[in-house]
Amino acid sequence: MRTGKDAARARLWQVLEERAPASGVRLPPERVLKDLVGCSRETLRGALAALEARGEIWRHVGQGTFRGRAPR
């Protein structure tokens with residue numbers, strides 16, 4: 001059973017609190033996160049985009065996804 005968008009966002013937030021509690025901490029790769037959250041990569045990417053828009057995470061191609069605001 002796959003997780004819906006709202007449930008995926010809520011579960012992703014729980015994973016963030018467990019795996020990346022402080023700003024600057026690197027999150028696991030998408031292939032791992034999708035399994036932890038229990039959703040497709042498409043749903044995961046939507047949830048990540050929502051968190052990035054709120055400034056909760058930042059992403060950089062080739063470096064990964066990190067907790068907190070992007071460095072300037």
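**Figure 1. Overall architecture of the protein chain in the predicted model.** The protein chain contains three helices and two strands, and these elements follow one another from the N terminus in the order α-α-α-β-β. Along the principal axes, the C-alpha atoms occupy a box of roughly 40 × 20 × 20 Å. The radius of gyration of the protein chain is 11 Å, which agrees with the value near 11 Å that a compact globule of 72 residues would have. Of the 72 residues, 31% count as buried, and among the contacts with a separation of 6 or more, 50% are accounted for by residues 24 or more positions apart.

**Figure 2. Packing of helix 1 against helix 2.** Helix 1, which spans residues 5-19, packs on helix 2, residues 30-37, with the two axes 9 Å apart and at an angle of about 115°. Because angles of 65 to 115 degrees are counted in this class, helix 1 is roughly perpendicular to helix 2. The crossing in which helix 1 passes helix 2 is right-handed. Helix 1 contributes Ala8, Arg11, Leu12, Val15 and Arg19 to the contact, while helix 2 contributes Leu33, Leu36 and Val37. Sorted by class, the residues of this contact of helix 1 with helix 2 comprise six nonpolar and two charged ones, with no polar residue.

**Figure 3. Packing of helix 2 against helix 3.** The axes of helix 2 and helix 3, the latter formed by residues 41-53, come within 9 Å of each other and cross at roughly 95°, so that the two helices are roughly perpendicular to each other. On the side of helix 2 the contact is made by Glu30, Arg31, Leu33, Lys34 and Val37, and on the side of helix 3 by Arg41, Leu44, Arg45 and Leu48. The residues of this contact of helix 2 with helix 3 divide into four nonpolar and five charged, again with no polar residue. Leu33 and Val37 of helix 2 take part here and also belong to the contact with helix 1.

Figure 4. When residues up to four places away in sequence are not counted, Val25 touches Arg19, Ala20, Thr65, Phe66 and Arg67.

Methods. Residues are numbered from 1 along each chain as its sequence is written. This is a predicted model: local features need pLDDT of at least 70, side-chain atom pairs count only at pLDDT 80 or more; totals for chains, interfaces and linings use all residues. Side-chain values use heavy atoms; hydrogens and water are left out. Axes are lines fitted to C-alpha atoms, for helices over the stretch in contact, and angles run from 0 to 180 degrees between N-to-C directions. Helices (H or I, at least four residues) and strands (E, at least two) are DSSP runs, numbered from the N terminus. Angles under 35 degrees count as roughly parallel, over 145 as roughly antiparallel, 65 to 115 as roughly perpendicular and the rest as oblique. A crossing is left-handed if the near helix is turned anticlockwise from the far one by less than a right angle, and right-handed if clockwise. Contact means heavy atoms within 4.5 Å. Ala, Val, Leu, Ile, Met, Phe, Trp, Tyr, Cys and Pro count as nonpolar, Asp, Glu, Lys and Arg as charged, and the others, Gly among them, as polar. The radius of gyration is taken over C-alpha atoms; the globule rule is 2.2 Å times the number of residues to the power 0.38. Buried means under 20% relative accessible area, exposed over 50%, partly exposed in between (1.4 Å probe, protein chains only).
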